[in-house]
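Have your viewer open and your selection tool ready.

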Amino acid sequence: MSRAFLVVMDSVGIGGAPDADAYFNDGAPDTGANTVLHIAQACAEGRADEGRSGPLHLPTLDALGLGAAVALASGDEAPGLGAAPQGLWGAATEISQGKDTPSGHWELSGLPVPWDWHYFPDEQPAFPDHLTRLVSELAGTDGILGNCHGSGTVMIEQLGEEHIRTGKPICYTSADSVFQIAAHEEHFGLDRLLNLCADLAPHLHEMRVGRVIARPFTGEPGSFRRTQNRRDYAVRPPQPVLTNWVQKAGGRTIAIGKIGDIFSMEGIDELHKGEDATLMQHLATQVDSAPDGALVFANFVEFDSLYGHRRDVAGYARQLEWFDAGLANILPRLRDGDLLIVTADHGNDPSWAGTDHTRERVPVLGAGIGPRNIGRVAFADVAASIAAHLGAESTGPGVSFL
């Protein structure tokens, strides 16, 4: 039998989305956004030398076909990424009407989002009165803080001291369909925050808000820091997805990172969480030990959470180079018959305006079946291809490129 590994580099887009002009950051369309290209250009020009230096160095990803995928997606060549592909390579285009994590992951798993998500307006207050009253009631407070669009780290920096003083939760949103609540682990209580989000989530899901996210933090004014105890309460997929298909075929599904949160543990047998460095260790362990017929589904979020949203080009470059080195350690450990696909869920160009995701095509890079140019494919084709590799029945719209 065979095994499959689906690895999502969260937000590592490669430009070229045909509908980028319909998506915006700070009022400017995402037309021309290209996460990998612009990072590579900054590195080549010496504009990303904090903690690293020189051209972007991604020998493993480039050998699989990353540079070729950038050119295929956008028509532009990324400096330093010119290797002849030795793996499966192509570029995937999303059709779901969102550039967020659930939309991208659901579609990669064979389910384009079947509805329009609800988004909160970029104005203050951002939330309707009935919602703020509900949050206050559930939290046991006489109000909330924030009530606006904002960056999580900025919200904590600006409102953390008032939050400690008043006990009111910090509530904010973004261009994604999301309701985020930040609270101090000691002063407010981690369990209290998680329970608040869990109790609130069904009400938000009825509104077609994709996720309620708990954003715990610690520290004192001037030195607040978010912790690894984040928890996403996401809408459950309304139809079977790749994880369900694999289970139905008798395979085991193993999630790494926030995959469990994204799919509300739908079709998942086993979950491993942690920081990206820990997740790479989990992935290596599963490459060594996952049983025949298994799907290992991993998300590496720190490209997005630590560097994309914070518009940190050098940090994003460092993370790409770190991931590349980790992948180089994993690929030789694959067994005969294994398929490993590396892809992304959306873009988050750190050179772009604003702080939100960018609408982009994503790379599809594969190891285990030799060189193959799959061209431009659909997100859902990834799910269909993995299902075909594992002998599972696909019930989504995708077509296998294997």
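Start by selecting arginine 359, which counts as buried because its relative accessibility is 3%; buried means under 20% relative accessible area, with a 1.4 Å probe and protein chains only. What you have loaded is a predicted model, in which local features need pLDDT of at least 70, side-chain atom pairs count only at pLDDT 80 or more, and totals for chains, interfaces and linings use all residues. Residues are numbered from 1 along each chain as its sequence is written, and side-chain values use heavy atoms, with hydrogens and water left out.

A salt bridge here is a side-chain nitrogen of Lys or Arg within 4 Å of a carboxyl oxygen of Asp or Glu. The two partners are 265 residues apart: glutamate 94 sits in the loop between β4 (88–93) and α4 (101–108), arginine 359 in the loop between β14 and β15 (362–367). Helices (H or I, at least four residues) and strands (E, at least two) are DSSP runs, numbered from the N terminus. Glutamate 94 is also buried, at 6% relative accessibility.

Next, select arginine 3 and aspartate 338, another salt bridge at 2.7 Å, N to O. Arginine 3 is in the segment before β1 (4–9) and aspartate 338 in the loop between α12 (313–330) and β14 (339–343), so the pair ties together parts 335 residues apart in sequence.

Then pick Asp176, Arg211, Arg230 and Asp232, which are linked in a network of salt bridges. Within that group, arginine 211 and aspartate 176 meet at 3.9 Å, N to O.

Which residues lie nearest the centre of the largest pocket? Select Arg215, Arg226, Thr227, Gln228 and Arg230, from a lining of 29 residues. A pocket is an open set of points on a 1 Å grid over the protein atoms alone, where a 1.4 Å probe fits, with protein on both sides within 12 Å along at least five of seven lines; lining residues have an atom within 4 Å of a point. Colour domain 1 (3–114 + 238–390) and domain 2 (129–234): both give residues to this lining, so the largest pocket lies between them. Those bounds come from an automatic or database domain assignment.

Finish at the second largest pocket by selecting Gly150, Ser174, His309, Thr355 and Asp356, which lie nearest its centre among 30 lining residues. Strand β8 gives the largest share of that lining, three residues.

How values were computed: Buried means under 20% relative accessible area, exposed over 50%, partly exposed in between (1.4 Å probe, protein chains only).
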